[in-house]
Structures are given as C-alpha cells and as structure tokens.
Amino acid sequence: MLRLPELQRAFFRGIVGSHDVREGEFAASDLAGEIRGHGALTGAERLAIYARMYCSRLIDALREDFPRVAGILGADQFAAVAHGYVAAHPSTHPSLRWLGVRFAEFLARETWPPDRAFLPDLASLEWSRRRVFDASDVALLDVDALRAVPPERWPTLHFRLIPAVAVLSTAWPVHRLWEADASEPRGGWRPEDTQLRVWRQDDRVFQAPMDVVERTAFASALAGRDFSGICDGLSTVVSVDEAATTAGGLVLRWIADGILRADAIVS
C-alpha cells in the first residue's frame, strides 16, 4: 500500500496525464489496487471519471480566457483544440489563471484555413487582455501633478508605466476582429501589421492601435529614456521642431488613459 504522499502524487499523475486513457487502461499504473471499485465500476473506471472531469474543467477555463477564439471555432472544435493543448501543456500551476499561457503559441503550430489564419494572433490579444486585467493597481499620475513640475525639469523627467499595460505586435488587425460581430463573415479579413497598446483603466480593459509616432515614443518610455530622450526618438518620425510638442501631447494622452504611474515623474 502506498503512503499518503505517494498516493496523492500518483492520483495527481493519474488525473492530469490520463484524460485520454480509455477505461481499463490504469491496471499497470502505480494506482493499481489502491482504488476500490464501487458498484459496477472498477477502481480504474472510477479514476477515469475523475480524469475526464478534470480535463473538462481545464477546457472550461480556456474557454473563459479565450472567448472570441472559442466563439469563432464553435463549441465542438474549440473543445477538440483545447483538449490537444491540455494534453501537450498540462497545468503545472496551482492556479488555473496560468493555464493558457502557451495557448497562442500552440495555435500558431497548427495549420489553419485562410479565413481562420488570424486565430493565434487573436488568442495573443485575449491573453494580453487577461494579463493586464490581473495586473496590480498603482496610483496614477494626473494633470495637476504634471503642471506643478517646473519647465526646466522637463528634459530630465522619466515617465513610468503602470503594470496593467502591454504592447502587442500582430500580423492581423486583431483589435477589429475582437470587436467584430460574431456573425460577421471572417473571409474578408486580410493580414495587416499591427502594434497594439493594451491596458486596463479602472475595471475595464482596452486596446488601441499605435501609429508610428506613438510606437516610437512608447518604446522610448519603456526603455526608461527621459523626456529629452523621448523627443530625440520622435525626431526620427516628426520634425525636430514638432518633437517636444508631440511628446507632450502623447504624455497627456497616456495620463487620460490612466497608464502613467503617480510616481512617474522622477529625474
């Protein structure tokens, strides 16, 4: 008879790795003889029920994290795809929150028809939305605090971004796909290099495409460059005379969207 810790580990291995195993195939496992039969069910058959229930719960969790992908695939096909993912990438974290971390990567390894080739990118957007939704809260920078900064300090200001913001590069305009009506035909979509800013404001998550100007400034801010450095970067995409005004306008936009920290102003 197995000791309790060994039994617990064996039971976990049985339900995590055996959701594809048919009834009766547990006989050679280290659980053989440890689980009693009940009524018409053998011990192996009882374990198989737990394994299938466990897998079904994982698929439900993936459906909750990737609702747009699930809606496009339909219940049966999504269940089949999710089943393959769970088999390839078993849950290893105590929280189901991290189950889908490699789902977009898994979808990218599949061959999709042209009207569904965007699915890996759409899954990446849904995972980014989930990630920023769960990110920690911090105090936000407001315009009044910015106005209190003396003009001579502006060149050396650093603007720190909140944890609940991410940049996502995709080959498809997935922000429009995400917003499209579920009944809208998908065959008319075409690839389009897209860079999105995904962020949480209060309890809502947003995404918006960034043009080359915002992308350039945002990359500078992410790299920790000060306001002068942001302006230098912008001078490659706008005129030198416009760089400071453009950078200031972007800072105001980021404040309005709630993505700059209250402790952002450091020099």
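Helix α10 passes helix α11 in a right-handed crossing, that is, the near helix is turned clockwise from the far one by less than a right angle. This is a predicted model, where local features need pLDDT of at least 70, side-chain atom pairs count only at pLDDT 80 or more, and totals for chains, interfaces and linings use all residues. Residues are numbered from 1 along each chain as its sequence is written, and side-chain values use heavy atoms, with hydrogens and water left out.

**The helix pair**
- α10 covers residues 227-234 and α11 covers residues 240-256; they pack at about 115°, with axes 9 Å apart.
- Those axes are lines fitted to C-alpha atoms over the stretch in contact, and angles run from 0 to 180 degrees between N-to-C directions.
- Contact means heavy atoms within 4.5 Å; α10 brings Phe227, Ile230, Cys231 and Leu234, while α11 contributes residues including Ala243, Thr246 and Val251.

**Arginine 200**
- Look for arginine 200 in strand β2 (residues 194-201).
- Arginine 200 counts as buried because its relative accessibility is 9%, and buried means under 20% relative accessible area (1.4 Å probe, protein chains only).
- A polar atom of its side chain lies 2.8 Å from the backbone oxygen of valine 132, and one lies 3.0 Å from the backbone oxygen of phenylalanine 133.

**The whole chain**
- You can find 11 helices and 3 strands here; these are DSSP runs, with helices (H or I) of at least four residues and strands (E) of at least two, numbered from the N terminus.
- Of the 267 residues in the chain, 42% are buried.

Note on methods. Buried < 20%, exposed > 50% of the residue type's maximum accessible area, 1.4 Å probe, protein only. Polar contact = N/O pair within 3.5 Å; in protein donor to acceptor, adjacent residues only side chain to side chain.
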